[in-house]
Amino acid sequence: MVRRWPGWATAVWAFGFAGLNVFWALGGRTGLHPVEDAMGIGPVNLAAAAIKVVLGVVALVAVRRVPGPRPAARGIALGVGVVLTLYGLYETVGNALVVAGALPGVEAGPNHVHYVWLWGPIWLLGGLLHLAVARALRPR
(Lines give C-alpha, C1' and ligand atoms only; values in the text may rest on other atoms or scores of the structure.)
Protein backbone atom coordinates (compact mmCIF):
# COMPACT_ATOMS: atom_id res chain seq x y z
CA MET A 1 0.00 0.00 0.00
CA VAL A 2 1.34 3.42 -0.95
CA ARG A 3 1.36 5.96 1.84
CA ARG A 4 -0.15 9.12 0.48
CA TRP A 5 0.07 11.52 3.40
CA PRO A 6 3.65 12.61 2.60
CA GLY A 7 2.63 13.76 -0.86
CA TRP A 8 -0.41 15.68 0.35
CA ALA A 9 1.42 17.24 3.32
CA THR A 10 4.38 18.27 1.17
CA ALA A 11 2.11 19.72 -1.50
CA VAL A 12 0.31 21.80 1.14
CA TRP A 13 3.68 23.01 2.48
CA ALA A 14 4.99 23.86 -1.01
CA PHE A 15 1.82 25.51 -2.34
CA GLY A 16 1.33 27.48 0.88
CA PHE A 17 4.91 28.70 0.81
CA ALA A 18 4.54 29.57 -2.90
CA GLY A 19 1.49 31.64 -2.03
CA LEU A 20 3.53 33.54 0.55
CA ASN A 21 6.17 34.30 -2.11
CA VAL A 22 3.49 35.64 -4.46
CA PHE A 23 2.11 37.75 -1.60
CA TRP A 24 5.58 39.19 -0.98
CA ALA A 25 6.14 39.75 -4.72
CA LEU A 26 2.98 41.86 -4.80
CA GLY A 27 4.30 43.98 -1.93
CA GLY A 28 2.45 42.29 0.92
CA ARG A 29 3.83 42.34 4.45
CA THR A 30 3.15 39.88 7.26
CA GLY A 31 5.53 41.16 9.90
CA LEU A 32 6.87 37.61 10.23
CA HIS A 33 10.05 38.01 8.24
CA PRO A 34 12.78 40.35 9.44
CA VAL A 35 13.81 41.41 5.94
CA GLU A 36 10.37 41.65 4.38
CA ASP A 37 10.97 45.20 3.17
CA ALA A 38 13.82 43.92 1.01
CA MET A 39 11.70 41.02 -0.27
CA GLY A 40 9.44 43.10 -2.48
CA ILE A 41 11.60 42.12 -5.43
CA GLY A 42 8.84 40.72 -7.62
CA PRO A 43 10.79 38.54 -10.09
CA VAL A 44 12.85 36.83 -7.38
CA ASN A 45 9.79 35.99 -5.30
CA LEU A 46 7.83 34.88 -8.35
CA ALA A 47 10.70 32.58 -9.36
CA ALA A 48 10.79 31.16 -5.83
CA ALA A 49 7.01 30.64 -5.99
CA ALA A 50 7.33 28.81 -9.32
CA ILE A 51 9.99 26.49 -7.90
CA LYS A 52 7.80 25.71 -4.89
CA VAL A 53 4.82 24.98 -7.15
CA VAL A 54 6.97 22.51 -9.08
CA LEU A 55 8.03 20.89 -5.80
CA GLY A 56 4.38 20.61 -4.80
CA VAL A 57 3.55 18.93 -8.10
CA VAL A 58 6.48 16.53 -7.66
CA ALA A 59 5.13 15.68 -4.20
CA LEU A 60 1.73 14.90 -5.68
CA VAL A 61 3.35 12.19 -7.82
CA ALA A 62 3.62 10.25 -4.54
CA VAL A 63 -0.16 10.44 -4.20
CA ARG A 64 -0.86 9.15 -7.68
CA ARG A 65 -0.16 5.60 -8.75
CA VAL A 66 1.68 6.40 -11.94
CA PRO A 67 4.79 4.37 -12.76
CA GLY A 68 6.39 6.81 -15.23
CA PRO A 69 7.81 9.81 -13.37
CA ARG A 70 8.26 8.12 -9.99
CA PRO A 71 12.07 7.56 -10.19
CA ALA A 72 12.70 11.16 -11.26
CA ALA A 73 10.28 12.47 -8.63
CA ARG A 74 12.02 10.36 -5.99
CA GLY A 75 15.42 11.77 -6.96
CA ILE A 76 14.13 15.34 -6.85
CA ALA A 77 12.36 14.80 -3.52
CA LEU A 78 15.44 13.16 -2.02
CA GLY A 79 17.80 15.93 -3.16
CA VAL A 80 15.47 18.72 -2.08
CA GLY A 81 14.77 16.94 1.20
CA VAL A 82 18.45 16.68 2.09
CA VAL A 83 19.17 20.32 1.19
CA LEU A 84 16.13 21.74 3.01
CA THR A 85 16.70 19.58 6.09
CA LEU A 86 20.32 20.68 6.37
CA TYR A 87 19.36 24.32 5.75
CA GLY A 88 16.58 24.15 8.34
CA LEU A 89 18.94 22.63 10.91
CA TYR A 90 21.57 25.25 10.14
CA GLU A 91 19.08 28.10 10.51
CA THR A 92 17.50 26.72 13.68
CA VAL A 93 20.60 25.53 15.51
CA GLY A 94 22.94 28.27 14.29
CA ASN A 95 20.58 31.06 15.22
CA ALA A 96 19.73 29.37 18.53
CA LEU A 97 23.43 29.47 19.38
CA VAL A 98 23.47 33.19 18.59
CA VAL A 99 20.36 33.83 20.70
CA ALA A 100 21.84 31.80 23.57
CA GLY A 101 25.02 33.89 23.43
CA ALA A 102 27.17 30.87 22.65
CA LEU A 103 28.95 32.57 19.75
CA PRO A 104 31.27 35.33 20.93
CA GLY A 105 31.19 38.55 18.97
CA VAL A 106 27.76 37.96 17.47
CA GLU A 107 24.91 39.95 18.93
CA ALA A 108 21.43 38.45 18.77
CA GLY A 109 18.71 40.48 17.11
CA PRO A 110 15.13 39.98 15.95
CA ASN A 111 16.35 38.22 12.79
CA HIS A 112 17.93 35.47 14.84
CA VAL A 113 14.83 34.94 16.97
CA HIS A 114 12.61 34.76 13.87
CA TYR A 115 14.86 32.12 12.37
CA VAL A 116 14.98 30.03 15.54
CA TRP A 117 11.22 29.92 16.13
CA LEU A 118 9.71 30.31 12.67
CA TRP A 119 11.76 30.14 9.49
CA GLY A 120 14.32 27.50 10.46
CA PRO A 121 11.62 25.05 11.59
CA ILE A 122 9.55 25.77 8.47
CA TRP A 123 12.50 24.88 6.23
CA LEU A 124 13.26 21.84 8.40
CA LEU A 125 9.64 20.69 8.11
CA GLY A 126 9.77 21.08 4.33
CA GLY A 127 12.96 19.03 4.18
CA LEU A 128 11.56 16.24 6.33
CA LEU A 129 8.36 16.19 4.28
CA HIS A 130 10.34 15.90 1.04
CA LEU A 131 12.35 13.03 2.55
CA ALA A 132 9.07 11.32 3.46
CA VAL A 133 7.94 11.73 -0.17
CA ALA A 134 11.21 10.20 -1.38
CA ARG A 135 10.65 7.28 0.96
CA ALA A 136 7.07 6.84 -0.23
CA LEU A 137 8.33 6.80 -3.84
CA ARG A 138 11.01 4.17 -3.27
CA PRO A 139 10.82 1.05 -5.43
CA ARG A 140 8.93 -1.83 -3.89
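The secondary structure of the chain consists of four helices and zero strands, where helices (H or I, at least four residues) and strands (E, at least two) are DSSP runs numbered from the N terminus. Along the sequence the elements follow the pattern α-α-α-α. The model is predicted, so that local features need pLDDT of at least 70 and side-chain atom pairs count only at pLDDT 80 or more, whereas totals for chains, interfaces and linings use all residues. Residues are numbered from 1 along each chain as its sequence is written, and side-chain values use heavy atoms, with hydrogens and water left out.

Of the 140 residues of the chain, 39% are buried; buried denotes under 20% relative accessible area, exposed over 50%, and partly exposed the range in between (1.4 Å probe, protein chains only). The chain exposes about 7800 Å², of which carbon and sulfur atoms supply 74%, as computed by the Shrake-Rupley method with a 1.4 Å probe, only the protein chains shown counting as cover for residues. Among contacts (heavy atoms within 4.5 Å) with a separation of 6 or more, 72% involve residues 24 or more positions apart.

Six aromatic pairs were identified. Rings of Phe, Tyr and Trp (its six-membered ring) pair if their centres lie within 6.5 Å, with planes under 30 degrees apart counted as stacked, over 60 as edge-to-face and the rest as tilted. Ring pairs join Trp 13, Phe 17, Trp 24, Tyr 87, Trp 119 and Trp 123 into a cluster. Trp 13 and Phe 17 are four residues apart in helix H1 (residues 5–25), and therefore separated by about one helical turn. Trp 13 is buried, at 11% relative accessible area, as is Phe 17, at 7%. The rings of Trp 13 and Trp 123 form an edge-to-face pair, with centres 6.1 Å apart and planes at 70°. This pair links distant parts of the chain, Trp 13 in helix H1 and Trp 123 in helix H4 being 110 residues apart. Trp 123 is likewise buried, with a relative accessible area of 18%.
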